[in-house]
Amino acid sequence: MRLNSLIFAFVILFSVVSARIDPKNLKCLVCRTTFEELHQVIKSIDKWKRVDVGNFRMDKDGNTMQQKVPAHRSAVYISELIDEICKKMDDYVRVYYKSTGKLTIMQLMTKEGGMNPEFSKTKFVTDDDLNKSLEYYCERMFEDNEDEITSLYVKRPDDDVMPDAEREICFNHAKYCEEWMLPTEEDTTWTREMEEEYVKVHGPDPYGFGGVPPPAHPDLSEDYDDTDQHTDDFGDDIRDEL
């Protein structure tokens, strides 16, 4: 197990692509993913759920007047949802589609807890600005467009979850996205035959067809000694960078 863990670590080291990522492209991906996540959350909300919204008016007794609105039409509620989504954004990683080299971001694990099968179509990538996480880009996106985002939802009918918000914000308002950034069938098509040709050029990929993900932690045996220390640190550095 220990030897296998080290082999996986070295394979990952040489399978990660280092490149200068277009910040605008990355902002587009984060923006679109944020709205995809937001719509999934809103769809799961009871459509009769209401939240109190203050309108800064006072009644005759000096109490702030409140009104109830659908949760997905509350600016405060939408802000809270996006804040939670941004915190989870680091569950995603930067990858390139093997077929075209187009950048995208994907969740490392499925909601069921397994390895995302879509990774067989992609290659891990790191950029020069590792300090700026996907969470950072998500937070900045919302800060820069908060009024426009919340106003879109506030003005929608009770039964509308604003499915076109992604287009309105990411493309039209913030102008992060361009049509060529959207994934196409050419990007996402990856067959076993294509994988075999890819391996001939680039070597085996642990996330390719038939590949298995590396263990989260190396299996340290009881007879561990100092001669192995440097190798373990190297493996940890690799996992940290990913």
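Predicted model: local features only at pLDDT ≥ 70, side-chain atom pairs only at ≥ 80, totals over all residues.

Visitor: How are the rings of Tyr 136 and Tyr 137 arranged?

Guide: By the ring-pairing rule there are three aromatic pairs. One of them is Tyr 136 with Tyr 137, edge-to-face, with 5.5 Å centre to centre and 80° between the planes.

Visitor: Where is the kink in helix 4?

Guide: Helix 4 covers residues 134–154, and its kink is centred on Asn 145, with a bend of about 80°. Asn 145 is also one of the buried residues of helix 4, along with others including Met 141, Phe 142 and Ile 149.

Visitor: What do the buried residues of helix 4 pack against?

Guide: Quite a list: helix 2 (23–43), helix 3 (75–87), strand 4 (92–97), strand 5 (103–107) and helix 5 (165–173).

Visitor: Which residues touch the most other members of the largest nonpolar core?

Guide: Those are Phe 35, Leu 38, Ile 149 and Tyr 153, in a core of 39 residues. Helix 2, helix 3, strand 4, strand 5, helix 4 and helix 5 each supply at least two residues of this core. There's also a second, separate core of seven residues, with Val 93, Met 106, Phe 119 and Tyr 207 among them.

Visitor: New topic. How many residues of strand 6 are buried?

Guide: Five of the five, residues 122–126, so strand 6 is largely enclosed by the rest of the structure. Thr 122, Phe 124 and Thr 126 point one way from the strand, while Lys 123 and Val 125 point the other way.

Visitor: Which way does strand 6 run against strand 4, and how many bridges join them?

Guide: They run antiparallel, joined by three bridges. For example, Val 95 has Phe 124 of strand 6 as its bridge partner.

Visitor: What does Thr 122 touch?

Guide: Leaving out residues up to four places away in sequence, Thr 122 touches Val 95, Tyr 96, Tyr 97, Lys 98, Met 106 and Asp 205. Thr 122 counts as buried, at 3% relative accessibility.

Visitor: Where does Lys 102 lie?

Guide: In the loop between strand 4 and strand 5. Lys 102 is buried, with a relative accessible area of 14%. Its contacts beyond four places in sequence include Val 95, Trp 180, Pro 183 and Asp 187.

Visitor: How far apart are Lys 102 and Thr 122?

Guide: They're 20 residues apart in sequence and 9.4 Å apart in space, C-alpha to C-alpha.

Visitor: Which ring does the charged end of Arg 167 sit over?

Guide: The ring of Phe 171, at 3.8 Å from its centre. Then there's Lys 98, which lies over the face of Tyr 198, 4.9 Å from the ring centre.

Visitor: Last one, zooming out. How many helices and strands are there in the chain?

Guide: Eight helices and six strands. Along the sequence the pattern reads α-β-α-β-β-α-β-β-β-α-α-α-α-α. The chain has 242 residues, and buried ones make up 38% of them. Among contacts with a separation of 6 or more, 68% come from residues 24 or more positions apart.

Note on methods:
Residues numbered from 1 in each chain as written. Heavy atoms only, no water. Bend = angle between axes of the 7 residues up to and from the residue. Helix = DSSP H or I, 4+ residues; strand = E, 2+ residues; numbered from the N terminus. Buried < 20%, exposed > 50% of the residue type's maximum accessible area, 1.4 Å probe, protein only. Contact = heavy atoms within 4.5 Å. Phe/Tyr/Trp six-rings, centres within 6.5 Å; stacked < 30°, edge-to-face > 60°. Lys NZ or Arg CZ within 6 Å of the ring centre and 35° of its normal. Pairing = 2+ DSSP bridges. Core = buried A, V, L, I, M, F, W, Y, C linked by side-chain atoms within 4.5 Å.
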